[in-house]
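Please open the model in your viewer and keep the selection tool at hand, as this tour goes from one stop to the next and says what to select each time.

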Amino acid sequence: MLSTMQDVPLTIGRILAHGATFHGRSTVATWNGEKAVASSFAEVGARAAQLANALRDELGVTGDQRVATLMWNNTEHQEAYLAVPSMGAVLHTLNLRLPPQQLAFIINHAADHTIIANCTVLPLLAPLLPQLNPTLRHIVVVGEGDLAPLDGFSGGVHRYEELIAGRSTDFPHPAELDERTAGALCYTSGTTGDPKGVAYSHRSMYLHSMQVLSAESFGLTSADKVLPVVPMFHVNAWGIPYAAFMAGTSLLMPDRFLQPQPLAAMITAEHPTFSAAVPTIWTGLLDELDAHPGTYDTSSMSRVVIGGSACPPALMKAFEDRYGINVIHAWGMTETSPLGSVSHPPAGLGPEETWRYRLTQGRFPASVEPRLIGPDGTALPHDGESAGELEVRGPWIAAAYFGGDGRPAEQGEKFSEDGWLRTGDVGTISSDGFLTLTDRAKDVIKSGGEWISSVELENQLMAHPDVLEAAVVAVPDEKWGERPLATVVLRPGTGTGLAELRAFLAERVAHWQLPERWSIVESVPKTSVGKFDKKVIRKSYAEGELDVTTLRKGE
Ligand code: ADP
């Protein structure tokens, strides 16, 4: 029997229309270094329509052509987020922290027709121009700065405000848009090999936005104001820009002011209730707050989501104990839109057990189905103990890469024969659906017959009050195959010795997991999205660039 229900396509255009009208008074504000400059959702919606009209009528964007953005989190970026998919084109967010040759590769691979770029990033874009294919026809510049860096570009160069001024505020909706067509394109950060494109559909983004809003996920409402520190150029800022327009949640955009001091200042001045970012951002912010007691006011912020890499328990506890901020741990990846699991503990538990749940990577929602695959390829039980590689499937999980050549090797590495995404993450799942990751498969330290979790050692080290950051990687060892190397950043002004750190760790992990190789470093290298870059640490070690001290038992 067919259902008797209406079949209405789930599209970004629907989210735009809803937010701009029924939540017209909610705001998008962008920090300019001193204060936030706000526009209403109604204004943002009208300007998104003007942008879409300009892209279509002036720049000739048609069909599913790609319109890329090379932008910080700001109001114009939100306008592009809404305008481009709603007109039927594909929004391609470019990660402005990628190495230049990868950026050029991505722009050419996606065959971008137009790039909308912040003026402040033109020095990054200009040197790429000679490598870009002629498929790139236009560059639209947001901001007042000098356009001279683009002099060598043979296509059209436009100023955003001049381009959209005076255009119709009626949105040029395409006649019919299939919800399964792509609305946005985001490339992985390319930690191994060339970056790969994930093309999100209107349907997947719509459903994902509803999940982001759910109380079991971020729980955003029209009473919230969100500070998305997680960049809009990486996995759609975790879906927050669309979810916000769906729920009327106001946005406070940090633009390029992502250092701890301006973040603390904007929280104090603008009173956001919620924020989201990777752990390294929060480590920096915590340090800034602790170093300046009484200077900042974070009392408006009731909860923050931390994900993208494992959240050190010490960080979660510090925010909760010292600033009353509820830290919610979440797991996801570019291929999962990104929301996978979110750690809301079950009700009715004592404090200790509640914390045990909160420290996990969280529970899977109904639409993300997980399974664990053991070394022999069979599925493992969800008993909280059996550890295997996590695979997932669901309506906002990728089934393939954009423009991939479909080689069996490529498909087989990331997608199983029966269509599940292979995450490359290793962990356990409890019977009530909570994921605990031990490591990324490629970061696990294989010592003799045993596996050592680099994340576990890092978390324990970062619980030491004098340790700002700690990254642990596998290095080759004659006897054991691999052993852990601990690289540690000490808080300024502290003089803890390595032997003391080793003793601290010895009280917390099994003795065979204790690293023999230690190195104090000034900072941990980070990837383009702010995660520890373990590839770089392994390379520095291999090339003898690290000052390594060897500590063994009794030394
Ligand atoms: P990249 O692969 O370039 O880092 P992604 O943002 O797609 O880009 O990274 C996804 C990966 O980040 C996951 O596969 C996982 O290894 C890691 N990750 C994300 N969230 C968490 C978390 N809460 N705990 C541990 N690892 C996480």
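Select R256 to begin, and you will find a residue that is partly exposed, with a relative accessible area of 37%; buried here means under 20% relative accessible area, exposed over 50%, and partly exposed in between, using a 1.4 Å probe and the protein chains only. A salt bridge is a side-chain nitrogen of Lys or Arg within 4 Å of a carboxyl oxygen of Asp or Glu, and a search of the whole structure finds 24 of them.

Before going further, please note that this is a predicted model, in which local features need pLDDT of at least 70 and side-chain atom pairs count only at pLDDT 80 or more, while totals for chains, interfaces and linings use all residues. Residues are numbered from 1 along each chain as its sequence is written, and side-chain values use heavy atoms, with hydrogens and water left out.

Select E391 and R422 next, where another salt bridge places the closest N and O atoms 3.3 Å apart. Because E391 lies in strand 19 (residues 388–393) and R422 in strand 20, the pair ties together parts that are 31 residues apart in sequence; strands (E, at least two residues) and helices (H or I, at least four) are DSSP runs, numbered from the N terminus. E391 counts as buried at 2% relative accessibility, whereas R422 is partly exposed, with a relative accessible area of 27%.

Now move to R483 and E516, whose side chains meet in a salt bridge of 2.7 Å, N to O. This pair links distant parts of the chain, 33 residues apart, with R483 in strand 25 (residues 481–490) and E516 in the loop between helix 16 (498–506) and strand 26 (517–520). Both R483 and E516 are buried. If you then select R371, E391, D418 and R422 together, you will see one network, joined by salt bridges that share partners.

The next stop is the ligand. Which residues are closest to the ligand? Among the 18 residues that surround it, the closest are S189, A330, T334, D425 and R440, where a residue is near a molecule if one of its heavy atoms lies within 4 Å of it. Select H329, and find the polar side-chain atom that lies 3.0 Å from a nitrogen atom of the ligand; then select A330, which has a polar backbone atom 2.7 Å from a nitrogen atom of the ligand, and T334, which has a backbone N or O atom 2.8 Å from an oxygen atom of the ligand. Taken alone, the ligand exposes 570 Å², and the protein buries 91% of that, with accessible areas coming from the Shrake-Rupley method and a 1.4 Å probe. Colour strand 14, which gives the largest share of the shell around the ligand, four residues.

For the last stop, select strand 12 (residues 274–277), from which F274 and A276 point one way and S275 and A277 the other way, all of them buried. Strand 10 (residues 225–228) runs parallel to strand 12, and three bridges join them; P228 has A276 as its bridge partner in strand 12. Strand 13 (residues 303–307) also runs parallel to strand 12, with four bridges joining the two, and in strand 13 you will find I306 standing opposite A277. Two strands pair if DSSP finds at least two bridges between them.

Notes: Polar contact = N/O pair within 3.5 Å; in protein donor to acceptor, adjacent residues only side chain to side chain.
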